[in-house]
Every structure is written in structure tokens, then in C-alpha cells.
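Student: I would like to take a close look at a single part of this structure, and I would be glad of one connected explanation.

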Amino acid sequence: MAFELPPLPYAYDALEPTISKETMTFHHDKHHAAYTNKLNEGVAADPKLEGKTIEEILGMISSLPPLVRNNGGGFWNHDFFWKIMGPEGTTQPSGKLAEAIDAYGGLDKLKEDFNTKGAGQFGSGWAWVIADQSGALKVVSTPNQDNPLMDDAKDKGAPILGNDVWEHAYYLTYMNDRPGYLKAWWNVVNWDAAGKLYDAAVA
């Protein structure tokens, strides 16, 4: 097996009440596991992918079949998603990331733009905060399991935050209230993790 399902970095109920234990269990153990298994099927069928990292695969995704695109994106996106949430994140961004957010227009504007992108993403997809090569922040969305690391992404950059707006990420608690889920999600953002990602992106 080229890729293994990464464990959650916290307990399944650690993000309650924002994200329920039932949702986390279903999302990680079923959906993320399925993306992992299907990605491995795609990698096993293509000798040129042997030994490549998931980031290397995403960087050549335009030349690969939908099986690898959809499940490679799903594998990376979910691993990222778990890591930028947590029950013990700082309440506010700090350091260089805080400065970048101020330059963007402030945290309230960032949240508003992010929530709007997420709510407006037709069908399934993701909302992202990315950093460009200059370190400036941008809020974007991608369809399905696409992400800003893919070589054919409309908006490329280093992901700093990302939220899953597929219905399986929120439906058990929020039903069809995607805007309500997006608003609540900020309660579990791990700003320490996001800050480290930003520092790495601008290093």
C-alpha cells in the first residue's frame, strides 16, 4: 500500500459541539478511508506514480486519470483538514499570519469572504485560504476534491486553511444549513497550526 489512512490527531468527540463525534467517525473512517483505498488502486495501476509523494502526484494531476485526481485530492484534503482543526487552538491568529490577515483587511473580512466562497460553491467542494508567492492571502474555492496544489488549479498557492463543504462534512448536525456550518467551523480552527503553515509558506 503506497498510502495509509492517517489517524485523527485528536479524539472523535474532541470538536463537539461544532462537529459531532458521529460526523467525525463517519467522515474519517468511511470517507477518508475510501479515498485512501481508491488512491492506492490508481497508483498501483500506473508505474510512473510508484514512490511519489502525494504532493508530487497533485503537481502532475492534469496528466492523470479521474480516479487518481478525485481520490488523490480527497486523500490530501482530508489529511490537511484534520490538522488545521483542534480543540486547543489559539483563539486568534498571531505572528506573521496575523500580519497577513491584517493586510488582507482583517479577520472579520477574511471570515466573511471565506464563508461566502464556501456557501457559494455549487455542489460539493472546498473553501480555502491560500498564500501566494509574495505571502499575500487569497480566499478561493475548488470543486469536488480539487485543491490549490494541483498543477491545473485556477488559483494556485500554499493552503493555510481549508473547509470541506461536501454534505457529508456537516449534514448530520446542520442538515442543509451550509452557511451555519461555515460560521460555526471557525470555533475549531487551530490557529497555531495555520500559523506554522503560513510561516513555512513564506520562509
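Which residues in α5 meet which residues in α7?

Tutor: Before the details, please note that this is a predicted model, in which local features need pLDDT of at least 70 and side-chain atom pairs count only at pLDDT 80 or more, while totals for chains, interfaces and linings use all residues. Residues are numbered from 1 along each chain as its sequence is written, and side-chain values use heavy atoms, with hydrogens and water left out.

Phe114, Asn115, Gly118 and Ala119 in α5 meet Arg178, Pro179, Leu182, Lys183 and Trp185 in α7, where contact means heavy atoms within 4.5 Å.

As for geometry, α5 and α7 pack at an angle of about 145°, with their axes 9 Å apart, where axes are lines fitted to C-alpha atoms, for helices over the stretch in contact, and angles run from 0 to 180 degrees between N-to-C directions.

Across the whole structure, a search finds 13 aromatic pairs. One of them is formed by Phe114 and Trp185, which are stacked at 5.5 Å centre to centre with 10° between the planes. Rings of Phe, Tyr and Trp (its six-membered ring) pair if their centres lie within 6.5 Å, and planes under 30 degrees apart count as stacked, over 60 as edge-to-face and the rest as tilted. This pair links distant parts of the chain, with Phe114 in α5 (residues 107–120) and Trp185 in α7 (residues 178–185), 71 residues apart. Both Phe114 and Trp185 are buried, which for a residue means under 20% relative accessible area, with exposed being over 50% and partly exposed in between (1.4 Å probe, protein chains only).

Leaving aside its neighbours within four places in sequence, Thr18 is in contact with Tyr174, Ala184, Trp185, Asn187 and Val188. Thr18 is itself buried, with a relative accessible area of 8%, and its C-alpha atom is separated by 7.2 Å from that of Val188, 170 residues apart along the chain.

Terms used. Helix = DSSP H or I, 4+ residues; strand = E, 2+ residues; numbered from the N terminus.
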